[in-house]
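Please read them alongside the sequence and the coordinates.

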Amino acid sequence: MCTVCGCGTASVEGHGQAQGHAHHHHDHDHGHDHDHGHGHSHGHGHGHGHDHHHGHDHGCGCGGHHHHHDRAPGAGADVHYGTGAAGTSVPGMSQSRLIEVETAILSKNDEFARQNRRLLGVLGAFAVNLVSSPGSGKTTLLCRTIRDLHDAPLAVIEGDQQTALDAERIRATGARALQVNTGKGCHLDAHMVGHAIDSLRPRPESLLFIENVGNLVCPAAFDLGEDAKVAILSVTEGEDKPLKYPDMFTAAKLALINKVDLASACDADLDAYEAALRRVNPAIEILRVSARTGEGMAQWLDWLRAGLAAKARPQAAE
């Protein structure tokens, strides 16, 4: 379910619920001495035509979900739905219509992302979109990162379907954090992040961490205005994950192979993890880290500082 396309609701701390089904208009002053340009005004239509017997499309760019209830074990070849010009298949919808729907959804999101990126550029703030499956250790790694950064100016946007548990963990480190609950939504979108930025008001030349909803599929398609997607892959997940979910790791600039302290206990071949990552994204940067032991943390912090320095440098030259 995606707020951008009108199915579901999101709740951003300080903003109440952002309704996905109703037409709504946001005109708000961001309180910054620069042009954010958010002025959100858009209507959302549901119109999904869900057919739950065969499959359904959420309209979020994540394709259709197809259930093989009638297939007996071992009956026939595997069925692959990621074919055709749209890269997916939904009963009752042509490939051209699927492309039209997805293009409309993502174009709305991309406009909000451009607004977010413009504001963050003016601030010289370096934004990182942390993406992974649930249980990869994102929040634990982020807490360790914040502690190791000491007094570096930063803020955190936490994305989960429900609860503020992760935001509370982040706040316990002393960092400013804002929770976005997506309800039935499977990812954060640029509109939600724009509201969160309004509330957090990131400091100039600071780090902004966006911890996305645990999901290796949908967040890959949605630009939030970040400078980089960082994919976290735990050694407990298996080295085949980049091959099974290639879009996420193709979209990521950096992959953190996390929980490397458990590699021997999991009989994990870290070289195989790296080979799988580079098979789907030859240009991806890779670091091996452990939030528990601190292994690789210095290199991760150096990567963050280098990104922030590069982002802030044009501001200093003006």
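1. Leucine 256 touches Leu141, Val230, Ala231, Ile232, Leu233, Leu287, Val289 and Trp300, leaving aside residues up to four places away in sequence; contact here means heavy atoms within 4.5 Å. The model is a predicted one, in which local features need pLDDT of at least 70 and side-chain atom pairs count only at pLDDT 80 or more, while totals for chains, interfaces and linings use all residues. Residues are numbered from 1 along each chain as its sequence is written, and side-chain values use heavy atoms, with hydrogens and water left out.

2. Leu256 is also one of the residues with the most contacts inside the largest nonpolar core, together with Phe209, Trp300 and Trp303. This core has 29 residues; a nonpolar core is a set of buried Ala, Val, Leu, Ile, Met, Phe, Trp, Tyr and Cys residues joined through side-chain atoms within 4.5 Å. Two or more residues each come from β7 (126–131), α2 (138–149), β8 (154–160), β10 (207–211), β11, β12 and α8 (297–317). The largest share, six residues, is that of α8. Apart from this core lies another, of 19 residues, including Leu216, Leu270, Tyr273 and Ile286.

3. Over the protein chain of 318 residues, 51% count as buried (buried is under 20% relative accessible area, exposed over 50%, partly exposed in between, with a 1.4 Å probe and protein chains only). The chain holds eight helices and 13 strands, taken as DSSP runs numbered from the N terminus (helices H or I, at least four residues; strands E, at least two). Of its contacts with a separation of 6 or more, 69% are accounted for by residues 24 or more positions apart. The accessible surface is about 14,200 Å², and 50% of it belongs to carbon and sulfur atoms; the areas come from the Shrake-Rupley method with a 1.4 Å probe.

4. Which residues of helix α7 (270–280) are buried? They are Leu270, Tyr273, Glu274, Ala276 and Leu277. Because these residues cover an arc of only 160 degrees around the axis, they lie on the same side of α7; the arc is that of the directions from the helix axis to the C-beta atoms. Asp271 and Arg279, on the other side of α7, are exposed. The packing partners of the buried residues are β11 (228–234), α5 (241–244), α6 (246–251), β12 (254–258) and β13 (285–288). At the start of α7, a side-chain oxygen of aspartate 269 comes to within 3.0 Å of the backbone nitrogen of aspartate 271.

5. Helix α2 is mostly covered, with nine of its 12 residues buried. Among them are Lys138, Arg144, Leu141 and Leu142. The end C-alpha atoms of α2 are 16 Å apart, in agreement with the 16 Å that its 12 residues should span at 1.5 Å a residue; the expected span is 1.5 Å times one less than the number of residues. Just after α2, histidine 150 takes a positive phi of about 60 degrees.

6. Most residues other than glycine have a negative phi. Threonine 163, in the loop between β8 and α3 (165–171), has a positive phi near 70 degrees and is partly exposed, with a relative accessible area of 42%. Arginine 201, in the loop between α4 (190–200) and β10, has a positive phi of about 45 degrees. Arginine 201 is partly exposed, at a relative accessible area of 41%.

Notes: A polar contact is a pair of N or O atoms within 3.5 Å; within protein, one must be able to donate a hydrogen and the other to accept it, and residues adjacent in sequence count only if both atoms are side-chain atoms.
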